Amino acid sequence: FSLNNILNIYDKGQLNDPELRPTLKPVWGTFQGDYKRTGSRALDCPTKPVMNIQGSQTICQGDSIKLATSSNKNSTWVFNNIQSSISDTVTFAKQAGIYKRVSFNENGCNVYSSEFELLVKNSPEKPSVNTLGNTIVCEGTTVQLSSTASSSNTWFRDGSSTIRGTNQGFIADSTGKYYVKVTSSNGCTSNSDMVSVTINPNPSI
């Protein structure tokens, strides 16, 4: 057999063929492993792990994607070619880099999954909301709010998706919890903390 034939047989999982096993022995136990004729019995290697990617290849800073695999016995995650001690079948990737899964056995044979490269875009700086005057006022009075971001602001109230305003400044005329979202040119966003505004009804006369 040529080396390519041997590698093809190994990659297809045909090492259990009794006619082939006596002639092959791994020199280095990876799924691209090299083999030589020794007359000894071939060593068994684990099944190549499969990694399932649940999310986009490109995410915003602070977000994550789910990586899952069915291989959990003698199997861990590898990040930027550094093997971790994490054997959980599910992990959440946040850092940019190369992810893969490795399975190994007592024979010293390591089998790697296909690689996945995660790209991470920068998110804008988290904005703050400044208030002018009191945030608890009487009916007929408004509360002035202002974002620390000079542009790309979107105002919301009470977690609703309804856009209340898009300027740096905003006038709140009803009770609720307000926040501002800033969107950068790459599509990533950052939200401010919420600011409570209370507008009390005037007393009856």
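Mentor: Let us begin with a pair of charged side chains: arginine 157 and aspartate 158 form a salt bridge, with closest N and O atoms 3.6 Å apart. Please bear in mind that this is a predicted model.

Trainee: Why is the contact between arginine 157 and aspartate 158 called a salt bridge?

Mentor: The criterion asks for a side-chain nitrogen of Lys or Arg within 4 Å of a carboxyl oxygen of Asp or Glu. The closest N and O atoms of arginine 157 and aspartate 158 are 3.6 Å apart, so the pair qualifies.

Trainee: What makes arginine 157 buried or exposed?

Mentor: Arginine 157 has a relative accessible area of 19%. Buried means under 20%, so arginine 157 is buried. Aspartate 158, at 46%, is partly exposed, because that class lies between 20% and 50%.

Trainee: How many salt bridges does a search of the whole structure find?

Mentor: The search finds three. One of them joins lysine 126 and aspartate 193, whose closest N and O atoms are 2.9 Å apart. Lysine 126 lies in the loop between S11 and strand S12 (129–132), and aspartate 193 in the loop between strand S18 (189–191) and S19, so parts 67 residues apart in sequence are tied together.

Trainee: Why does lysine 126 count as partly exposed, and why is aspartate 193 called exposed?

Mentor: Exposed means over 50%. Lysine 126 has a relative accessibility of 47% and therefore counts as partly exposed, whereas aspartate 193 has 51% and is therefore exposed.

Trainee: Which residue does lysine 100 meet in a salt bridge?

Mentor: The side chain of lysine 100 meets that of glutamate 115, at 3.4 Å from N to O. Lysine 100 is in strand S9 (residues 97–104) and glutamate 115 in the loop between strand S10 (110–112) and strand S11 (116–121), 15 residues apart. Lysine 100 is buried at 10%, while glutamate 115 is exposed at 52%.

Trainee: Which residues make up the largest nonpolar core?

Mentor: The largest nonpolar core has twelve residues, among them Trp155, Phe170, Ala172 and Tyr178. S19 gives the largest share of this core, three residues. Alanine 172 touches Thr142, Val143, Leu145, Tyr178, Val197 and Ile199, not counting residues up to four places away in sequence. A second, separate core has nine residues, including Trp77, Ala93, Tyr99 and Phe116.

Trainee: How do the lining residues of the second largest pocket divide?

Mentor: The lining divides into seven nonpolar, three polar and one charged. Lys94 belongs to this lining, and Lys counts as charged, so Lys94 is the charged residue.

Key: Residues numbered from 1 in each chain as written. Predicted model: local features only at pLDDT ≥ 70, side-chain atom pairs only at ≥ 80, totals over all residues. Heavy atoms only, no water. 1 Å grid on protein atoms, 1.4 Å probe; cavity = no way out; pocket = protein on both sides within 12 Å on 5 of 7 lines; lining within 4 Å. Core = buried A, V, L, I, M, F, W, Y, C linked by side-chain atoms within 4.5 Å. Buried < 20%, exposed > 50% of the residue type's maximum accessible area, 1.4 Å probe, protein only. Helix = DSSP H or I, 4+ residues; strand = E, 2+ residues; numbered from the N terminus. Contact = heavy atoms within 4.5 Å.
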